[in-house]
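Subject: Structure handover and notes

Hello,

Here is the structure I said I would pass on. Please look it over alongside the notes below.

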Amino acid sequence: MEQQDLLFSVANFSLYFGLSLLFVIIFKVVYSFLTPQDEWKLIKEDKNTAAAIGFGGAILGFSIALGGAASNSISLLDFAIWGVIALIAQSLAFFVVRFIFMPKIVTRIIANEVSAGIMLAATSVSVGILNAACMAY
């Protein structure tokens, strides 16, 4: 590999990685805004394990989808578009759990029911895996 190719590859990596980190931060903010419970307070102040598991699973699921977008995108713009789609899909996963599968999920997480946090995390990771797999051209 020539030095010029290496520099191009490192620059390309830096752009994708930087945008990925920005997307994760945006996802954390958007997800926290969409959920009625205050995850940060539950996790940091109340040391709520169920909230940490659920929120951690959401971040992991989104990151898996984002990784699929990065691996399959043909340009930085393409990656950004798929990143937004991943964010929407992961947000919808929360709403499906909250309003269809487990209508009392918020109350259960606030009550620190670990089983509720695990189910939310498992759903988020599952959606992230499916999301990533479906991003292939």
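This is a predicted model: local features need pLDDT of at least 70, side-chain atom pairs count only at pLDDT 80 or more; totals for chains, interfaces and linings use all residues.

Helix α4

Helix α4 runs over residues 76–101. The buried residues of α4 are D78, F79, G83, A86, L87, Q90, S91, A93, F94 and V97. Among the elements that cover them are α1 (3–34), α3 (49–72), α5 (105–110) and α6. As background to the spacing in that list, an α-helix has 3.6 residues a turn, so residues three or four places apart point the same way.

Leaving aside residues up to four places away in sequence, Q90 touches F27, A58, G61, F62, S124, V127, G128 and N131.

S91, also placed in α4, is buried at 7% relative accessibility. What does the side chain of S91 reach? It is the backbone oxygen of L87, at 2.9 Å. With residues up to four places away in sequence left out, S91 touches V30 and L34.

The nonpolar patch

V96, F99, I100 and F101 make up a nonpolar patch on the surface, and together they have about 440 Å² of accessible area. I100 is found in helix α4. Is I100 buried or exposed? I100 is exposed, because its relative accessible area is 58% and the cut-off is over 50%.

Salt bridges

How many salt bridges are there? The count comes to two.

- D46 and K41 form a salt bridge through their side chains, at 3.3 Å from N to O. D46 is partly exposed at 41% relative accessibility, and K41 is partly exposed at 36%.
- R108 and E113 form a salt bridge through their side chains, at 2.7 Å from N to O. R108 is partly exposed, with a relative accessible area of 25%, and E113 is partly exposed at 33%.

In general, side chains of opposite charge can pair when their charged atoms come close.

Positive phi in loops

Which loop holds K47? K47 is found in the loop between α2 (39–45) and α3. K47 is not a glycine, yet it has a positive phi of about 55°. At 62% relative accessibility, K47 counts as exposed.

N112 lies in the loop between α5 and α6. N112 is not a glycine either, and its phi is positive at about 65°. N112 is partly exposed, with 32% relative accessibility.

I129 and I64

I129 sits in helix α6, which spans residues 114–134. Its relative accessible area of 45% makes I129 partly exposed. The C-alpha atoms of I129 and I64 are separated by 6.1 Å, while the two residues are 65 residues apart along the chain.

Regards

Technical notes. Residues are numbered from 1 along each chain as its sequence is written. Side-chain values use heavy atoms; hydrogens and water are left out. Patches are made of residues with over 30% relative accessible area and no salt bridge: like charges are joined within 9 Å, nonpolar side chains (Val, Leu, Ile, Met, Phe, Trp, Tyr) within 5 Å. Accessible areas come from the Shrake-Rupley method with a 1.4 Å probe; for residues, only the protein chains shown count as cover. A salt bridge is a side-chain nitrogen of Lys or Arg within 4 Å of a carboxyl oxygen of Asp or Glu. Helices (H or I, at least four residues) and strands (E, at least two) are DSSP runs, numbered from the N terminus. Buried means under 20% relative accessible area, exposed over 50%, partly exposed in between (1.4 Å probe, protein chains only). Contact means heavy atoms within 4.5 Å. A polar contact is a pair of N or O atoms within 3.5 Å; within protein, one must be able to donate a hydrogen and the other to accept it, and residues adjacent in sequence count only if both atoms are side-chain atoms.
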